[in-house]
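Please keep the sequence and the structure in view while reading.

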Amino acid sequence: MFRWGVLSTAKIAREHLLPAIAGSDNGVVAAIASRDPARARQLADQWNVPHAFGSYEELLACPEVDGVYIPLPTSQHVEWTAKAIGAGKHVLVEKPLALKAEDITPLIALRDRHKVLVSEAFMVVHHPQWIRVRELIAEGAIGRLRHVQGAFSYFNVDPHNMRNQPDLGGGALPDIGVYPTVTTRFGTGSEPLRVQATIERDPTFGTDIYSSVRADFGTFELSFYLSTQMAARQIMVFHGDKGFIEVASPFNAGLYDDHVVTLHDQNHDAAQLFRFPGAQQYHLQVEAFVRAARGETDRIFTLEDSVLNQKVIDAVFRAGEHDGWEPV
């Protein structure tokens, strides 16, 4: 069995990744670390994990850990990914991996030197609903794709939440702007050429709290908005000349809404529904990661993918500073 170590007792680890690993067929949690030893011990006892450490360094030095999951604040992702690679561990790191694409490039060389697997935790690419969207587009089910439209928003004004703290890598674009971009790139197999953007920042927090983005993919456009201070909403729509595809809960499937993809025909008088009620994207993600770490062929979000996706976010930030197009 693949032996996981978890760096931090963060909420996403407690609520999603620990249950996913515990329910997997090819991995177990062997160690949990926290800068608060009591928190590490409490969570380890809850999940029957044998090792609890009061520092991340101790976990990385543990010979009974094959790979680590890193759900630390965004600003610490690159640092601890590099340290984990240096310790010879495979790494699954929460998104966004970095705040600049240029910060990811050194990790690629480090990964290749130590011959380990490193992947940014975009669970959506493992969900069968997104695999079906990609298949439908490739099959020509909606004809020529002309426009992709998306939205992702929630309301959070807690000053203690890392999403509202610039020093920790907070903000709407790093937290949720990555999702419309990654799902569009995954679903279409295409890369954007240039972007336009309007960005609003919170006067107190200093974080970006609203963005309206337009991306030119050459043969189609993507437009989306996102916010950390609007009523919760998620949607992705792929519109072609012969029909369109709607994804009801594109990013938090099963939590925000049902796992449903709807294919509408050209006249909007017939629709085909694809349902995936039993799919657990975090479970699928950790199992795919372990298979890939063992050398098996599997779908993995590579560091090269991470660079491409982060380049889009970097360009959106630049575009928000002026009118007109910004190259990706």
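This is a predicted model: local features need pLDDT of at least 70, side-chain atom pairs count only at pLDDT 80 or more; totals for chains, interfaces and linings use all residues.

Which helix supplies the largest share of the lining of the second largest pocket? Helix 9 (residues 303-319) does, with three residues. Residues are numbered from 1 along each chain as its sequence is written, and side-chain values use heavy atoms, with hydrogens and water left out.

The terms for spaces rest on a 1 Å grid over the protein atoms alone: a pocket is an open set of points with protein on both sides within 12 Å along at least five of seven lines, a cavity is a set where a 1.4 Å probe fits but cannot get out, and lining residues have an atom within 4 Å of a point. Grid points are joined across faces, edges and corners, and a volume is the space filled by probe spheres set on the points. Helices (H or I, at least four residues) and strands (E, at least two) are DSSP runs, numbered from the N terminus.

The largest pocket holds about 1,100 Å³ of space. It is lined by 42 residues, of which Lys11, Ile12, Lys95, Arg163 and Asp175 are the closest to its centre. At least two lining residues come from each of helix 1 (11-22), strand 7 (145-155), helix 7 (172-188) and strand 11 (229-240). By class, this lining has 20 nonpolar, 14 polar and eight charged residues; Ala, Val, Leu, Ile, Met, Phe, Trp, Tyr, Cys and Pro count as nonpolar, Asp, Glu, Lys and Arg as charged, and the others, Gly among them, as polar.

The second largest pocket has a volume of about 220 Å³. Among its 14 lining residues, Leu99, Lys100, Pro174, Arg201 and Phe317 are the closest to the centre. Its lining comprises four nonpolar, four polar and six charged residues.

There is one cavity of 30 Å³ or more. The largest cavity has a volume of about 50 Å³, and its lining consists of Leu97, Ala98, Ile104, Glu120, Phe122, Val178, Ser306, Asn309 and Gln310. Helix 9 again gives the largest share, three residues.

The strands come next. Strands of a sheet pair through backbone hydrogen bonds, either parallel or antiparallel. Here, two strands are taken to pair if DSSP finds at least two bridges between them.

Strand 1 (residues 2-7) pairs in parallel with strand 2 (residues 27-33) over six bridges; phenylalanine 2 has glycine 27 as its bridge partner in strand 2. Five of the six residues of strand 1 are buried (under 20% relative accessible area; exposed means over 50%, partly exposed in between, with a 1.4 Å probe and protein chains only). Strand 1 is therefore largely enclosed by the rest of the structure.

Strand 4 (residues 67-70) and strand 5 (residues 90-93) run parallel, joined by four bridges. From strand 5, His90 and Leu92 point one way, Val91 and Val93 the other way, and all are buried.

In helix 4 (77-86), the buried residues are His77, Trp80, Thr81, Ala84 and Ile85. They cover an arc of only 140° around the axis, which puts them on the same side of helix 4; the arc is that of the directions from the helix axis to the C-beta atoms. Their cover includes strand 1, helix 3 (56-60), strand 4, strand 5, helix 5 and strand 6, where contact means heavy atoms within 4.5 Å.

Helix 5 (residues 105-114) buries Leu107, Ile108, Leu110 and Arg111. These fall within an arc of 165° seen down the axis, so they line one face of helix 5. On its other side, Pro106 and Arg113 are exposed. The buried residues of helix 5 pack against helix 4, strand 6 (118-120) and helix 9. Just after helix 5, lysine 115 takes a positive phi of about 55°.
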